[in-house]
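Subject: Structure handover and findings

Hello,

Here is the structure I promised to pass on. Please open it alongside this note.

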Amino acid sequence: QDQYAKIVGGSRWCGVDFMDMSSKCAKECSNGLDEECPEGEVCFNGSPCQFDQSGIPPPDPEMFWCGRSHMHLVENCPKRCRGGSNDECGTDEEGNEMSCFNMQSEEIP
């Protein structure tokens, strides 16, 4: 059985780290709280576990980067957002809100 096919529910799941969580999709943490997870695991938002039978491997957390736009990201590489969430990004050096981009799936203009 494909390990990525055993998925139901939302986008918050437990794991030791992002790759552990996305490879097993074993325990959902629907409220987004670490306390919902087994000991030694934390709750990750933006999990690929919500996608059912896509056949697409989980995203590499090293490929998530923050930026105001794709161009801003490419030119500045402000910071990583390993969990894949916009909440990790905050603002740039000029105080503008940034978003999290998955560079593995972005088309480069």
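Below is what turned up in it, starting with the overall layout.

First, the ground rules. This is a predicted model, so local features need pLDDT of at least 70, side-chain atom pairs count only at pLDDT 80 or more, and totals for chains, interfaces and linings use all residues. Residues are numbered from 1 along each chain as its sequence is written, and side-chain values use heavy atoms, with hydrogens and water left out.

**Layout**

The chain has two helices and five strands. These are DSSP runs, numbered from the N terminus: helices are H or I with at least four residues, strands are E with at least two. From the N terminus, the order is β-α-β-β-α-β-β.

Buried residues account for 36% of the 109 residues in the chain. Buried means under 20% relative accessible area, exposed means over 50%, and partly exposed lies in between (1.4 Å probe, protein chains only). The chain exposes about 6500 Å², and carbon and sulfur atoms supply 47% of that. Those areas come from the Shrake-Rupley method with a 1.4 Å probe; for residues, only the protein chains shown count as cover.

Now the contacts (heavy atoms within 4.5 Å). Take those between residues at least 6 apart in sequence: 52% join residues at least 24 apart.

**Sheet**

Three strands make an open sheet, ordered S4-S3-S5, with antiparallel pairing. Two strands pair if DSSP finds at least two bridges between them. The edge strands are S4 (79–80) and S5 (99–102), and each pairs on one side only. S3 and S5 run antiparallel and are joined by four bridges. One detail to check: Gly 67 has Ser 99 in S5 as its bridge partner.

The whole structure holds two aromatic pairs. Rings of Phe, Tyr and Trp (its six-membered ring) pair if their centres lie within 6.5 Å; planes under 30 degrees apart are stacked, over 60 edge-to-face, and the rest tilted.

Phe 18 and Phe 44 form an edge-to-face pair, 5.9 Å centre to centre with 90 degrees between the planes. This pair links distant parts of the chain: Phe 18 sits in helix H1 (residues 18–24) and Phe 44 in strand S2 (residues 42–44), 26 residues apart. Phe 18 is buried at 5% relative accessible area. Phe 44 is buried too, at 15%.

Phe 18 and Phe 64 form another edge-to-face pair, at 6.0 Å centre to centre and 70 degrees between the planes.

**Core**

The largest nonpolar core has twelve residues, including Trp 13, Phe 18, Met 21, Phe 44, Phe 64 and Met 98. H1 and S3 each supply at least two residues of this core. Such a core is a set of buried Ala, Val, Leu, Ile, Met, Phe, Trp, Tyr and Cys residues joined through side-chain atoms within 4.5 Å. Cysteines belong to it as well, among them Cys 66, Cys 81, Cys 89 and Cys 100.

**Disulfides**

A disulfide is a pair of cysteine sulfur atoms within 2.5 Å. The count is four.

- Cys 29 and Cys 43: the sulfur atoms are 1.9 Å apart. The link is right-handed, with 85 degrees about the S-S bond. Cys 29 lies in the loop between H1 and S2 and Cys 43 in strand S2, so the pair ties together parts 14 residues apart in sequence. Cys 29 is buried at 0% relative accessible area, and Cys 43 is buried at 15%.
- Cys 66 and Cys 89: the sulfur atoms are 2.2 Å apart. The link is left-handed, with -80 degrees about the S-S bond. Cys 66 is in strand S3 and Cys 89 in the loop between S4 and S5, 23 residues apart. Cys 66 is buried at 0% relative accessibility, and Cys 89 is buried at 2%.
- Cys 81 and Cys 100: the sulfur atoms are 2.0 Å apart. The link is right-handed, with 90 degrees about the S-S bond. Cys 81 is in the loop between S4 and S5 and Cys 100 in strand S5, 19 residues apart. Cys 81 is buried at 0% relative accessibility, and Cys 100 is buried at 15%.

Best wishes
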